[in-house]
Amino acid sequence: MTRHLRLACVMLALLSVPARADTLVFCSEGMPESLSPHLVTTTTGMNAARQIFDYLVDVKTGTTQIVPAIAQSWEISPDGLVYTFRLRTDVAFHANENFTPTRLMNADDVLFSFNRQLDASHPFHKVPGESFPYFDDTGMPDLLKSVEKVDDHTVRITLTRPDATFLANLALPLSAIMSAEYADLLLKESRPELFDMVPIGTGPFAFIDKTQDVAIRYRAFDEHWRGRPSIDTLVFSVTPNPSVRLTKLTVGECQIMAFPDPADAPAIEDNPDLDLMKREGYNVGYLALNVTKKPFDDVRVRRAIAMAIDKQSIIDAVYRGAGVAAHNPLPPASWAYNDAIADYEYDPDAAWALLADAGYGEGFETELWYIPVSRPYNPNGKRIAEMIAADLDRIGIRANLVTKEWSEYRTSLQDGDHMAALYGWTGDNPDPDNFLNILLGCRSAIKGGNNVAKWCDPEYDALVTEATLVTDEAKRAELYRKAQVIAHDQAPWVPLAHSVVFMAKRHNVENFEMDPLDRHLFNNVVLSGAK
């Protein structure tokens, strides 16, 4: 038996019995692509890394309000170009068997954390062997002119231009603070690859170990600046199948589960040991059409597909009513949502006529990729793909279903390997830019970018770029609403649904709060004596 197999068996044994009162087991929906926040883009990855790291600024739990974190305060110059951050003086780093910090967090760590992403010559810039996708998609390489140390607890960031989204974007994983001292040690030992694999942060939980596709373990950090978590051990039990997650929750193998199938909501509500939690999601599920590949480079084909898909049937069958048909990339809860846009009507005859006008009267064959894991915005990717394929078949489009392992699926879409693909997004901060620029802007249409339709429209891009340069919210909303009209008319996506998000927990879990940005926060959770 190999070492990895023995370890997997140990972890499975650990997770096959009810957890002790000081251990919280969370049934997670998938294995994160990384535990390094600078490398992740999925909610799964962000939540796994978030336990270990703190950000420069944060979003208040249960709200969309930007609040202090590592930076306890900040000042913005009148011209909007210079941000001066005052750092906390009581932030400690974790330790592990190879590293014991000799000092508290200071400005050197902030400079390290930003410059490894910004500076191509930085010794840790190419260590992970890939780009920093969120840092790049938010335009930070062009936006940041300099990141400077004023003193041990003051950092000055100078921008090349004013940007109304900058502070909100600092509440993203790109601003997670890492240990410069830990990096120096690993560099001296010629083991820099461990920096992102065996992470050291300042968060409420310290990393213990992980078993691929089985579990991740964390321990409470006694010296966390917000106070020690109430639980001693946190375990992410990787359980992609929502039915299996619910079974584990029901028998007490985990105390909280992510994203139950909406079809299981009545059973959870009827179980006296369980609580069903739900709230309106800040999300969108969509079908992306890769405009760099024929025939999706023709807007008539894209519009035809939009008219051929029966969204309401999908919502009734898969979301079980826990969602609404999407007309736009933005969720309705956004302050920039354009509710004047009328959706494409479900009209297969008109869709077929439009295909014929584009020269595809006999239809065509394509691949339709579907998400292999359940997501809040897509509870059952395969079922949705099957329903879309049946709709497309009615207008002569023969769709062959394709999927991959979740991490490979995400990477392949960002690289543009697909033709048509199901995907989605949950807002990581409350600014509309997090949807309209990150997902459809030109700077994200590059290989590795989050614009998986690979659509770059100069007029659209000019609008969403201008919206970052003004601070007046009404003016920004006007620009974003105009951009949504262009996205609707050019149809690089078929927006499918905005979903209600479900979580489920056992009765003995107290102080767990659902978050509109789908962050899973456990530092305040208390487990009562009841099983």
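Start with the largest cavity of this predicted model, which holds about 120 Å³ of space. To find it, select His327, Ala487, His488, Trp493 and Pro495, which lie nearest its centre among the 16 residues of the lining.

Aromatic rings are the next topic. A pair of such rings is described by the distance of the centres and the angle of the planes. The model has 25 aromatic pairs by count. Select Tyr83 and Phe166, whose ring centres are 4.8 Å apart and whose planes stand at 70 degrees, so that the pair is edge-to-face. Because Tyr83 lies in strand β5 and Phe166 in helix α6 (residues 166-169), this pair ties together parts that are 83 residues apart in sequence. Are Tyr83 and Phe166 buried or exposed? Both Tyr83 and Phe166 are buried.

Move on to Phe112 and Phe195, where the ring centres are 5.4 Å apart and the planes are at 75 degrees, so this pair is edge-to-face as well. Phe112 lies in helix α3 (residues 107-118) and Phe195 in helix α8 (residues 194-197), and therefore the pair ties together parts that are 83 residues apart in sequence. Phe112 and Phe195 are both buried.

Now return to strand β5 (residues 82-87) and show it with strand β4 (residues 71-76), to which it is joined by 5 bridges, with the two strands running antiparallel. Within this pairing, Ala71 stands opposite Leu87 of β5. Follow the chain from β4 to β5 and you trace a hairpin with 5 residues between the strands, where Gly80 in the turn has a positive phi of about 75 degrees. Strand β5 also pairs with strand β7 (residues 154-159), again in the antiparallel sense and over 5 bridges. To see how they face each other, select Phe85, which stands opposite Val155 in β7.

The last stop is the disulfides, of which the count is 2. Select Cys27 and Cys254, which form a disulfide with their sulfur atoms 2.4 Å apart, and note that the link is left-handed, with -105 degrees about the S-S bond. Since Cys27 lies in strand β1 (residues 23-28) and Cys254 in the loop between α9 (242-251) and β11 (256-258), the pair ties together parts that are 227 residues apart in sequence. Cys27 and Cys254 are buried.

Finally, select Cys442 and Cys456, whose sulfur atoms are 2.0 Å apart in a disulfide that is right-handed, with 95 degrees about the S-S bond. Cys442 is buried, with a relative accessible area of 16%, whereas Cys456 is partly exposed, with a relative accessible area of 44%. When the bonded cysteines of the protein chain are numbered in sequence order, the pairing reads 1-2, 3-4.

How values were computed:
Residues numbered from 1 in each chain as written. Predicted model: local features only at pLDDT ≥ 70, side-chain atom pairs only at ≥ 80, totals over all residues. Heavy atoms only, no water. Pairing = 2+ DSSP bridges. Helix = DSSP H or I, 4+ residues; strand = E, 2+ residues; numbered from the N terminus. Phe/Tyr/Trp six-rings, centres within 6.5 Å; stacked < 30°, edge-to-face > 60°. Buried < 20%, exposed > 50% of the residue type's maximum accessible area, 1.4 Å probe, protein only. 1 Å grid on protein atoms, 1.4 Å probe; cavity = no way out; pocket = protein on both sides within 12 Å on 5 of 7 lines; lining within 4 Å. Points joined across faces, edges and corners; volume = space filled by probe spheres on them. Disulfide = S-S within 2.5 Å.
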